[in-house]
Amino acid sequence: AKAAARSDEPVPASAALFARASAVTPGGVNSPVRAFRSVGGTPRFMRSGRGPHITDADGNTYVDLVGSWGPMILGHANPAVLEAVSAAAARGLSFGTPGEGEVALAEAIVDRVPGVDRVRLVSSGTEATMSAIRLARGFTGRPKIVKFAGCYHGHVDALLASAGSGVATFALPDSAGVTASTTAEVIVLPYNDLDAVRAAFAEHPGQIAAIITESAAANMGVVPPRPGFNAGLARIAHDDGALFIMDEVMTGFRVSRAGWYGHERSVETSVSAVGTADQPWVPDLFTFGKVIGGGLPVGAFGGRADVMAMLAPNGPVYQAGTLSGNPIATAAGLANLTGCTADVYAHLDRTAGTVGDLVDRALDEAGVPHRLQRAGNLFSVFFTDAEVPDYDAARTQSTAAFAAFFHGMLEAGVYLPPSAFEAWFVSAAHDDAALQTIADALPGAARKAAQ
Ligand code: PLP
């Protein structure tokens, strides 16, 4: 049945589009969290964006704290990115041959991330993680993969076991359609728990191909790794001959020029807290996406030259893509990366700090139990009292309080992720005026969350 736009509908154009969409697309959306199911109400159909703002089909403009879930790190319709896209498009859209743009993007990635000797481009983060685990299994000749509950690595069948993001939003323990045999070789452990990882390796020596982890978990809300957690994972994996895969699809080129790993390594080297400066731990494989596409579909996986040498056409692990390394997408990605200067990262850190502090203060003043958690310039708020170190803790939050808060912000012109289990994203374009809109929206939204 077609949903009719209600007469009191505050966003009639979005409601009409949602009715049309629902008639031809499951749930009216092409990715589940967009549907507003966990916060209720009509999803806003966006028509345009500029800088920190997005504008919906009814002409409402919002300060955007989603940023297309990460890629729009420079803000919407960034002139340099648009210019690169137009110039590339004028030369033709796709050739299915090698081209210079993909070489330049691969060079930019290898140049920025220590530990990435070779990189292969794909068209989404999901393809990147799917290919990375295939490669890890091919390289080691082992079947099993360790992942963490609440970590989302895209909708790869095998990795949909206790995943975060939309899976968390809809409280799905798993996905229907993923067979038991597909996940039988996947061991799901609690995040931030090295003892559980040691126990898994003790139980399955020589059987685990790789540990895959979000470099900082940000798909169950933001849950930073405890100091030494990532280093410990690398050590446990390497002691057993397994690979360590860092999923930097969200954190890559966002939390620093070198992503989370580069950021963590520079902190460790300066305090010598973990490992030694002359022998730092290094992930064997990384996965990337989001920022490296500038808003167009790009993903990548890369790492150690000897591991990457196993990929076709050099080696026996098959991996391919009609649109991999697409010239428009790689041009957008390269322009996005080039725009991410030291000043931009300083601005992102400052802006994330300010927004987080404003949220914290507004919820304090309204007496709403909450916990603001940060991982670099990624952050989110949990409507709960206690620290959130893992997925079990994340799930104790009040999603009803979040929904009330979300709608309070939306009505006041701020677009938050429509789920309590997602990170918030700031951009280089979030200026003082955008911060003021957020500051003005917060007290009312916090009072709604208190009810
Ligand atoms: N890995 C992480 C850490 C992600 O956050 C995501 C997407 O949100 C993915 C993988 C999947 O990327 P994509 O949605 O481009 O397939």
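In this predicted model, Ala-209 touches Ala-136, Arg-137, Thr-140, Arg-142, Pro-143, Lys-144, Ile-145, Ala-242 and Leu-243, leaving aside residues up to four places away in sequence. Ala-209 belongs to strand β7, which covers residues 208-214. The residue counts as buried because 25 C-beta neighbours lie inside 10 Å of it, where the threshold for burial is 20 or more. Ala-209 also shows how folding brings separate parts of a chain together: Gly-241 is 32 residues away in sequence, yet the two C-alpha atoms are 8.1 Å apart in space.

Helix α8 comprises residues 229-239, and its buried residues are Phe-229, Asn-230, Ala-231, Leu-233, Ala-234, Ile-236 and Ala-237.

Apart from residues up to four places away in sequence, Ala-136 touches Ala-209, Ala-210, Leu-243, Ile-245 and Leu-285. The largest nonpolar core contains 141 residues, and Ala-136, Ala-210, Ile-211, Leu-243, Ile-245, Ala-300 and Val-414 are those with the most contacts inside it. Helix α14, residues 399-411, supplies the largest share of this core, with eight residues. Another core lies apart from it and has five residues, including Ala-15, Leu-17, Phe-18 and Phe-45.

The strands may be considered next. Strands of a sheet pair through backbone hydrogen bonds, either parallel or antiparallel. Strand β8 (residues 243-247) runs parallel to β9, to which it is joined by three bridges, and Ile-245 stands opposite Leu-285 in β9. On pairing with strand β10 (residues 299-303), β9 adopts the antiparallel sense over four bridges; here the bridge partner of Leu-285 is Gly-303. In a regular strand the side chains alternate between the two faces of the sheet. Strand β9, residues 285-288, is covered on both faces: Leu-285 and Thr-287 are buried on one side, and Phe-286 and Phe-288 are buried on the other.

An open sheet of four strands has the order β1-β2-β3-β13, and its pairing is mixed. Its edge strands, β1 (46-50) and β13 (414-415), each pair on one side only. Strand β3 (residues 61-64) and β13 run parallel and are joined by two bridges, with Asp-64 opposite Tyr-415.

The ligand has 16 residues around it, of which Ser-124, Gly-125, Thr-126, Gly-154 and Val-249 come nearest. Classified by type, this shell consists of four nonpolar, ten polar and two charged residues. Helix α4, residues 125-140, gives the most to the shell, with three residues.

Finally, the chain may be viewed as a whole. The chain holds 15 helices and 13 strands. Of its 451 residues, 54% count as buried. Residues 24 or more positions apart account for 74% of the contacts with a separation of 6 or more. The C-alpha trace spans about 60 × 55 × 50 Å along its principal axes. The radius of gyration is 21 Å, which agrees with a compact globule, because such a globule of 451 residues would have a value near 22 Å.

Methods:
Residues numbered from 1 in each chain as written. Predicted model: local features only at pLDDT ≥ 70, side-chain atom pairs only at ≥ 80, totals over all residues. Near = placed C-beta within 6 Å. Nonpolar A, V, L, I, M, F, W, Y, C, P; charged D, E, K, R; others polar. Pairing = 2+ DSSP bridges. Core = buried A, V, L, I, M, F, W, Y, C linked by C-beta atoms within 7 Å. Buried ≥ 20, exposed ≤ 12 C-beta atoms within 10 Å, placed from the backbone. Contact = placed C-beta atoms within 7 Å. Rg over C-alpha atoms; globule rule 2.2 N^0.38 Å.
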